[in-house]
Amino acid sequence: MTRIAVIGAGFGGIAVAHLLRRAGFGDVTVYERGDDVGGVWRDNTYPGCACDIPAPLYSYSFALNPDWSQRFPPHDEILGYLRRCTDAFGLRPQLRLGTAVDSAQWTGTAWRLTLAGGTCAEYDVIVAATGQLSRPVVPRIPGAGAFTGIVAHTARWPADLDVTGKSIGVIGTGASAIQLVPALADRAARITVFQRSAPWTLPKPNRRYGRVRRALNRRVPPLMRAARAGTLLLTWVTGRAVTGRPIARRFVRAVSAGQRYVQAGRLRPHVTPDYAMGCKRVLFTSGWYRALRRSNVTLSTADIRQLTAATVLTADGAEHHCDVLVYATGFAATEFLIPMAVTGRDGRRLEDEWKDGAYAHLGITVPGFPNLFLMYGPNTNTGNTSVVYFLEAQARYIVQAVRAVAESGPLEVREDVAAAFDAEMQRRLAGSVWTGCTNWYRTATGRIVTNWPGMASEYRARTARLTPSDFVRP
Ligand code: NAP
């Protein structure tokens with residue numbers, strides 16, 4: 001029987017473990033360093049945390065959820081959905097929670113995993129589903145050690161943090177901050193938002209799904225499939241609008257400008273982005289500008305110079321008192337699989353292979369690393385539609401690959417195939433909107449390693465069928 005280890009129990013790990021078992025592979029173990037399933041939806045518990053992709057598309061096509069309360073559901077609903085999927089798919093016995101994988105080594109015939117604590121286990125196939133947004137980044141700010149208040153990162157929100165009556169500093173204005181600040185503004189005494197670059201935003205067309213709709217979903221499942229198809233089409237159209245024809249781009253830019261005009265008031269010059277729309281993730285929000293305009297909220301656009309025991313000092317000479325300092329500063333997205341040490345055929349180390357930036361054929365397989373498959377690997381992030389859609393495509397591709405391994409032994413992608421794919425990615429990305437600003441898609445050298453350059457439909461089509469001639473038997 002093919003022994004399979006899946007590393008990570010977020011959206012990706014749960015999907016692939018389920019589809020592998022459904023395809024008849026019974027020996028699947030899912031290692032998860034956290035104490036629960038859910039990945040980013042377990043880790044991100046900051047107030048206001050919610051999905052910014054419409055729910056009909058933010059679920060598995062094979063486990064549509066009739067019970068979403070609204071179009072953009074809050075994080076605990078998504079976590080609840082993943083927990084229910086884990087139960088419904090019968091995956092609990094497969095789970096090893098609280099078990100980090102320290103290293104993986106190819107022995108010539110199998111993968112040897114070393115788990116935290118030193119135990120070893122051997123598998124024929126490993127699937128790394130460790131995500132792109134699992135390692136929070138905290139920038140180095142002079143004097144950070146001197147700050148004596150409470151320090152938090154959005155992805156590590158202290159469960160017992162009561163912000164009532166406190167002065168909060170929030171560093172960053174990305175997808176996390178834009179949800180957090182409106183959610184804190186009612187309770188905090190003061191909030192200072194430290195903005196380095198203003199985000200492009202669009203109105204968030206959220207709406208509640210009432211009891212009738214939820215009941216109909218349950219009784220007439222094709223309705224959910226229709227909503228999913230409609231949402232997919234909508235994200236396709238908006239994706240084309242941001243990356244496609246100038247006239248469509250102008251229209252979306254005008255909607256964004258209109259939102260600032262109506263909602264930002266005198267703050268408008270300070271919240272108008274100075275880079276091309278789409279270079280950083282475009283953010284859906286209804287409450288951001290209103291929150292910034294509240295009398296207890298200050299927007300600081302000067303660079304942060306230093307922290308002292310209780311203040312943030314900015315380049316304009318201002319001192320901002322903070323009881324709590326929140327880093328809404330994102331993740332080390334370009335460093336895939338770290339800190340796991342992966343050693344493949346002939347002692348090749350993945351971190352060496354990827355020293356100039358991660359790459360993988362279809363974001364899934366790397367030459368020199370037989371029987372290793374990645375989910376949400378290099379160049380598979382999407383700026384305009386659901387990552388879950390990509391994860392499903394990867395899971396189905398991996399099932400085919402594991403079938404090929406079970407039938408004929410280890411499988412390794414050809415060097416020339418992976419190189420040609422990488423060259424194509426980099427050529428297409430070189431002219432993309434993502435090259436025009438700093439963002440989490442690029443390495444220090446400027447190489448875009450996270451994003452898929454095309455539409456989701458293209459990715460789905462290219463991963464639909466595994467091409468045996470792309471592989472060798474090591
Ligand atoms: P992010 O998009 O990387 O934003 C980080 C923010 O911190 C940026 O505004 C950045 O400014 C700022 N920053 C970083 N270092 C700084 C410094 N030294 N001084 C001042 N500002 C600094 O991180 P995120 O908001 O956590 O979002 C990351 C990704 O997670 C998103 O793009 C999205 O894919 C995902 N996410 C999704 C949802 C959802 O609803 N599904 C919600 C939250 C997050 P610059 O822009 O100038 O670098």
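The largest cavity is lined by P56, S59, L64, N65, P66, W68, Y209, R213, N217, M224 and A227. A cavity here is a set of points, on a 1 Å grid over the protein atoms alone, where a 1.4 Å probe fits but cannot get out; lining residues have an atom within 4 Å of a point. This is a predicted model: local features need pLDDT of at least 70, side-chain atom pairs count only at pLDDT 80 or more, and totals for chains, interfaces and linings use all residues. Residues are numbered from 1 along each chain as its sequence is written, and side-chain values use heavy atoms, with hydrogens and water left out.

The largest cavity holds about 90 Å³ of space. A volume is the space filled by probe spheres set on the points, which are joined across faces, edges and corners. The second largest cavity has about 60 Å³. Its lining includes F336, W354 and Y376. In total, the structure has 3 cavities of 30 Å³ or more.

Now turn to the ligand. It has 24 residues around it, and A50, S176, R196, S197 and K280 come nearest. Near means that a heavy atom of the residue lies within 4 Å. A polar side-chain atom of S197 is 2.4 Å from a ligand oxygen. For R196, a side-chain N or O atom lies 2.9 Å from an oxygen atom of the ligand. For R281, that distance is 3.4 Å. A polar contact is a pair of N or O atoms within 3.5 Å. Alone, the ligand exposes 900 Å², and the protein buries 84% of that. These accessible areas come from the Shrake-Rupley method with a 1.4 Å probe.

Conventions:
A polar contact is a pair of N or O atoms within 3.5 Å; within protein, one must be able to donate a hydrogen and the other to accept it, and residues adjacent in sequence count only if both atoms are side-chain atoms. On a 1 Å grid over the protein atoms alone, a cavity is a set of points where a 1.4 Å probe fits but cannot get out, and a pocket is an open set with protein on both sides within 12 Å along at least five of seven lines; lining residues have an atom within 4 Å of a point.
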